[in-house]
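Subject: Structure for you to look at

Dear colleague,

Please read them with the model open beside you.

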Amino acid sequence: MTGLGVRDLVVLYRDDDGSVATAVDHLDLDVATGEVVALLGPSGSGKSSLLRAVAGLEPAASGRIGWDGVDLAGVPTHRRGFGLMFQDGQLFGHRDVAGNVAFGLQMQRMPARERATRVSELLGLVGLGGFEHRAISTLSGGERQRVALARSLAPGPRLLLLDEPLSALDRALRERLADDVRAALLATGTTALFVTHDHDEAFAVADRIAVMDAGRLLQVDAPALLWQAPATRRVAEFLGYEAFAPVDAPVAAVLGSGLAVPVGTVAGRSWSDGTSDAVLAVGPGSLETAADGPLAGEVRSAGFRRGVIELGVVVEGLGAVTVVERSAGRTGAADLPRAGTTVRLRPVVGGVARIG
Amino acid sequence: MVLWALAAGLPLAFLGLFFVLPVVGLVGRGFVTDGSLDLSGFAEVMSRPRTWRILELTVGQATVGTAIAVLLGIPGAHLLYRTRFRGQALLRALVAVPFVLPTIVVGVAFRSVLSGHGPLAFLGWDGTFAGVVAALVFFNYTVVVRTVGAFWTGLDPRGEQAARALGASPARAFWSVTLPALVPAIASAASIVFLFCATAFGVVLVLGGVGYGTVETEIWVQTTQFLDLRAASVLSVVQLVVVTASLWVAGRARRRREQALSRVPESRPVLALRGPDARGGDRLAVAVTAAVVVLLLGLPMVTLLLRSLRTRDGWGLGNYRALGVRGFGLGASGWEAAATSLRVAVDATLIAVVVAGLVALVASRRPRSRGLRRAVGTMDAVMMLPLGVSAVTVGFGILVTLNHPFGLAVDLRTSPMLLPIAQAVVAVPLVVRTVLPVLRAIDSRLHEAAAVLGASPARVLRHVDWPVAARSLGLAVGLAFAVSLGEFGATSFLVRPSAPTLPVLIYRLIGRPGADNLGTAMAASVLLAALTAVVMALAERLRGDTGGDV
Amino acid sequence: MSRSIRTRWAVPAVVGALALAGCAGAGSTSGGTASPSGGSAAPGGTVVLVTHDSFALPDALISQFESDTGLTLDVRAQGDAGAMVNQLVLTKDAPIGDAVFGIDNTFASRAVDAGVLAPYQATLPDSAKQYTVGDSGELTPIDVGDVCVNADLEWFSKHDLAVPSTLEDLTKPEYKGLLAVENPATSSPGLAFLLATVGAFGADGWQGYWQELVANDVQVASSWSDAYYVDFSGPSSDGDKPLVVSYASSPPDEVPDGATSAPTTALLNTCFRQVEYAGVLAGAANPDGAKKVVDWLLSPAVQAAIPESMYMYPVDSSVALPTSWTKYAPLATKPFSVSPAEITAHRDDWIQAWTSLVVG
């Protein structure tokens, strides 16, 4: 077994008033060398506790954390060879940009000349070439996170832990940086565990996504598979699916055309048709308007959002669903379907998920 | 873990040997009659009406003195640490000077202002409570300004800005946002000032007039003049109770507020009293501070300066020339005494900074275990006690207990290192109070960030805590140095007559008749003041005032 | 940023420099000292002299003593005379020195009674014999001084008022509000003046006298320097009281260069005589050395140096005084006195009675 192996891990969270809560509840997780795994879950689900336990900043109440099969119990944080990037960077204010990036290298006692080379190389990688002597206080939020990323990557950690590294940034910056993080991780071949509550970010960065809730993992899968086949309704809901229909419901026959692989196998996994408890899940992007669509829905709301039009539609036999369509030149509220009108809809191929 | 135990153990051992053991030893003697414990002294001493009057005066003068010092000190802290103007560094050094002036000299200077033909004689404060309180504020103003100022400097102004944006008036924003954030530093300063006021000795003796006694002066009289150890011990215990209670209250106030505040780069706008940038608060701060500096600090200091320039032959530098002469029987010239003072102060500062640095370090940690966390909190408080115990008790206690303590083959009573050590014991609490709030304000995730980058705990200290603490350390070094330069109580018991420190020389000079002696004493005081101002200004430079967002 | 980086290095550098200087400092202060229990610094060992903080003698005399005896003299000042005696009492089982100088007649009996001193009969000059305390010579008188009311002569001539002469004069209405004294609880001249009144009016009469002084608006200061430099109107001070309790030796220091008369004078009918003693400490590690110190303090050279070093008069009247002293600072011919034993028996009561009387 290479890489990170977490087995039956329990982490307790002690509050100041002395009460104890279980933050991580008998959890198993593997991250293979070179792999980027996103840990996705709502706030309070225990993601950060898991991350801190892996880093050695939080003690494990029971269970085991290992690397390449070697138990890490008793290995202090600074000897684990893991990196950690915080949500708010936690840069050293008394050092300049180069001083921050060089910190880990200094801890490894790398000679100054090599260190300088490595620092410029990493600053180039995160798009901050020439920033070496800037003071931290002069940087923007995005620049700070880039410095934090460069600082975490510099010592070449065998595993990089990223704790919501982008969530303090604005949306546009977040999306751009998510791609940059992915690129930087790939370029350096870094194994990484990336905590986030934003699934777009998780999909953009990760090879595999682990969905966590209430201290447990609900599902660990490749992004596409996770999207197309959530393990449970809870996972599907967390991913943004809004409406659900049993496979034997009448509407399911129509929705079935939206499955990526209608019946049979998805990415090597097979499912049998006709299982009574299997469910189809529909969310934003699952349906589109079409004059001859097989489904009818009543418009409840309509509005512009980031260059597209979002319609809140109630589909008979299915429930409320968000339908997204291109604005296609429409600019004003007058151009939108009015509430109460009926639209025809059809499933988008690959837009419908199947649970079970 | 072993290292932490050492870090906590060294200061505790230091304090145990040079403070707790002597105090317990001497106080113990007061409660032992013919080999058995006898606590009847309590009932006897506590039933004297005089004891209660003294206690009342002690607490009263300390409370009023502290309150006024804090009230006046906060505008001063704002002006000197939150704005920028020309001459600020000089003013900062200047307000620190009173703190180290020998009380006997200040007493003479103060009474010269308040009594007889003095400029403020019309107040009628000579020999009154008001006179004592004024002198206490004179000494302790700088403690408030520095402690609060150092903290204020790094306080995030965005809280106040947010309040302003939400429609709060400047006064309201200050009152509801800034002031609460300053509480840890104010509580810190107040507890130190309270201890200084409650244990003030020379000032009370000189300015209080007869009949004005505090627990401290009473312990001194009972111990050195009457050798009534029973009464002195009872009073020492009473003093400890008062001091502990005040520390407890201050500690509570501090803990409720002390959390990892976001520290920001210093943002010190240029002081503007007119024009569009003028702020009403600034004007108030300038007015208050100007009044304090001119009337309270300035008058006595100017009196001192003028007296140092007055010779038998009129105005001149004769008294300063006399500093170069080894006066008959004084043991040293003024310059030699200054050199001795500096040498001892270097030793004392070094000891104080190491011991206090360790204390602050240990006390800034938040261990997982609640028991340990409580222990750390207690350690922080225990280290303050030396400020609240009479120098006489410690001095006599050292003589009683440190002859081959624990079977060690040294007579510590007469070791030359005892002088800087005694001064360090007094300086440690001040250094702790200066460094600790800064260390506590470091986000614990900064430590974690360093640890995951491969820094061992020692290197985390070296690369994260040290650079941040070092900036407050400059201030702390300055304070410790100043305390040592000015210390007289313990020093008078421990110094060698052949190598007096500057305050001891001044004390000797002022104990002799004649204008020459008085003039030389005044010149030596001005020298002491100048030395202090220079040391403080240098320490200030060490701080450096740019840098990141720590 | 460069500023903060420089700062980062400046601090350790300065602390390092402090450390070096500190070691140097420690080295120089510890040089030449050894433990009192007979060190090896000099062939004859070390002798430790415990004294009060007004002790002073010229370096040349100390070097002379050391070369004559082969001893190293280690002088330790332990606060004022009262504090010093009380420390000796507390440490008598493990004395902090070998010899003591500076126990005055107000503390003499306490020291003798507590067994702090070992007997030693030094050869006394005739003029010193009247001052001996202790049956077997525990204390050897070294110097004397008079605490007297001092008067600002210029003030009296300017106000055309006769200078008072006796203690009784001070209670007269024309001298109302003119006298400053020191608190006997905190000041040694203050105690001496209280004892002068006890000597003059007896253990029963002194309180009545003080009531009259209080009625005549006596001003009380906590220390000599406070009274002399703040309250006294003399040439070196700014106060408004032309009468102050000080020493018979104070006037010479107020004489301007080239002047032929003193602007102040001591009222010699108001004096209490202070005597300072030396002795060998019981349990001394170096008793022989201690005896040599006592003899040395009685030697003509030291006796001659006492006036200008310590503002006291040599106990040996055959030793010449400085000319300014013979001219401006005569000793009282009939000072008041109270026996050391009586002082020890009553001093605390008297001070407390004085406090309730004067302070209320």
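In chain C, the C-alpha centres of domain 1 and domain 2 lie 27 Å apart; the bounds of these domains, which come from an automatic or database domain assignment, are 46–144 + 274–328 for domain 1 and 146–272 + 332–359 for domain 2. The contact between them takes 14 residues from domain 1 of chain C and 17 residues from domain 2 of chain C, where two residues are in contact if their C-beta atoms, placed from the backbone, lie within 7 Å. On the domain 1 side, helix H4 (108–113) and helix H10 (323–328) of chain C each supply at least two residues, and H4(C) provides the largest share, four residues. Helices (H or I, at least four residues) and strands (E, at least two) are DSSP runs numbered from the N terminus.

Please keep in mind that this is a predicted model, in which local features need pLDDT of at least 70 and side-chain atom pairs count only at pLDDT 80 or more, while totals for chains, interfaces and linings use all residues. Residues are numbered from 1 along each chain as its sequence is written, and chains are lettered from A and ligands numbered from 1 in the order in which they are written.

Turning to the chains, 23 residues of chain B are in contact with 22 residues of chain A. Helix H18 (444–452) and helix H19 (457–486) of chain B are the elements that give two or more residues to the chain B side, and H18(B) gives the most, with seven residues.

Chain B itself has 22 helices and four strands. Its radius of gyration is 24 Å, close to the 24 Å that the globule rule gives for 550 residues, so chain B is as compact as a globular protein of that length; the radius is taken over C-alpha atoms, and the rule is 2.2 Å times the number of residues to the power 0.38. Of the 550 residues of chain B, 59% count as buried, meaning that 20 or more other C-beta atoms, placed from the backbone, lie within 10 Å of a residue's own.

Leaving aside neighbours within four places in sequence, the contacts of B:Ala480 include B:Ala348, B:Ala352, B:Leu430 and B:Val431.

With best wishes

How values were computed: Buried ≥ 20, exposed ≤ 12 C-beta atoms within 10 Å, placed from the backbone.
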